[in-house]
Amino acid sequence: VGIAVGMATNIPPHNLTEVADGVIYRVENPECTVDDIMLYIKGPDFPTAAIIYGSRGIREAYETGKGKVYIRARGEVDDEHKKIIFTEIPYMVNKSMLVESIANLHREKKIEGLTALRDESGRGGMRIVVEYRRDANAEVILNQLYKYTQLQDTCSVNMLVIDGGEPKTLNLP
């Protein structure tokens, strides 16, 4: 991420091995296409893991230099114990603010049916537990959480670089 006078760039993190393989391929095949390089560089690799939702944003960003990548937290519904457990959250989301926003949504009655909310993160990794009532629909609650919180977020891509002293938006090759 970089910001200058009237310009901003945002290139998401990628897997170094994939990038190195893509660079080697590009050097050996200077006329390669976005599709060719995407055989090596599949997409962004976020350190908080989570799920990249759809591939259209990645392709658009790699073809034009601009796009949006949609990211979702990894949530698992435990119907037996009436819990939704999140073990991965989107990149650049503050976990404590996320937990607070879920609590506020419940307090404001935007999301109903919650009985408990805990941050059980520790040495074993990230873990946010949302408990819900027996009569509540877990899938509805999960979708509301994605809709109203940063459990689903976007990462804007703007591959603006300085090339020969001039700012240019470049595609992947």
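Analyst: Two strands pair if DSSP finds at least two bridges between them. This is a predicted model, where local features need pLDDT of at least 70, side-chain atom pairs count only at pLDDT 80 or more, and totals for chains, interfaces and linings use all residues. Residues are numbered from 1 along each chain as its sequence is written, and side-chain values use heavy atoms, with hydrogens and water left out.

User: Okay, how many helices and strands does the protein chain have?

Analyst: There are 5 helices and 11 strands. As for overall form, the radius of gyration (taken over C-alpha atoms) is compared with a globule rule, 2.2 Å times the number of residues to the power 0.38. Here the radius is 20 Å, well over the 16 Å that the rule gives for 173 residues, so the chain is more spread out than a compact globule. Along the principal axes, its C-alpha atoms fill a box of roughly 60 × 35 × 30 Å.

User: How do I read a sheet, and in what order do the 4 strands of the open sheet come?

Analyst: Strands of a sheet pair through backbone hydrogen bonds, either parallel or antiparallel. In this open sheet the order is S5-S6-S8-S7, with antiparallel pairing. Strand S5 (74-78) and strand S7 (114-119) are at the edges with a single partner strand each, so one side of each lacks a neighbour in the sheet. For angles, axes are lines fitted to C-alpha atoms (for helices over the stretch in contact), and angles run from 0 to 180 degrees between N-to-C directions. Ignoring direction, neighbouring strands of this sheet are turned by 15 degrees against each other on average.

User: Which residues pair up between the strands, say opposite Val77 in S6?

Analyst: Ile84 stands opposite Val77; S5 and S6 pair over 5 bridges in the antiparallel sense. Their hairpin has 4 residues between the strands, and Lys82 takes a positive phi near 55 degrees there. Over at S7 and strand S8 (residues 128-132), there are again antiparallel bridges, 5 of them, with Leu117 partnered by Val130 in S8.

User: Which strands does helix H5 touch?

Analyst: Contact means heavy atoms within 4.5 Å. Helix H5 (residues 138-148) packs on the sheet and touches S5, strand S6 (83-88), S7 and S8, its direction making about 40 degrees with that of S6. Helix H4 (residues 95-107) lies across S7 and S8, at about 170 degrees to S7.

User: And what is a core?

Analyst: In soluble globular proteins, nonpolar side chains tend to be buried together. Buried means under 20% relative accessible area, exposed over 50%, and partly exposed in between (1.4 Å probe, protein chains only). A nonpolar core is a set of buried Ala, Val, Leu, Ile, Met, Phe, Trp, Tyr and Cys residues joined through side-chain atoms within 4.5 Å. The largest one here has 21 residues, and Ile84, Phe86, Leu98, Ile141, Leu145 and Leu151 have the most contacts inside it. S6, H4, S8 and H5 each supply at least two residues of this core, and the largest share, 5 residues, comes from H5. A second, separate core of 15 residues includes Cys32, Ile37, Met38 and Ile71.

User: Is Met38 buried or exposed?

Analyst: Met38 is buried, with a relative accessible area of 16%. Met38 belongs to helix H2 (residues 34-38). Beyond its neighbours within four places in sequence, Met38 contacts Ile58, Arg59, Tyr62 and Leu172. Compare Gly75, in strand S5, which counts as partly exposed at 28% relative accessibility. Setting aside residues up to four places away in sequence, Gly75 touches Ile85, Phe86 and Tyr146.

User: Where does helix H3 lie?

Analyst: Helix H3 (residues 56-64) lies across S3, S4 and S9, at about 155 degrees to S4. Those 3 strands form an open antiparallel sheet in the order S3-S4-S9, with strand S3 (51-52) and strand S9 (152-158) as the edges, each pairing on one side only. S3 and strand S4 (residues 66-72) pair over 2 antiparallel bridges, and Ile51 has Arg72 in S4 as its bridge partner.
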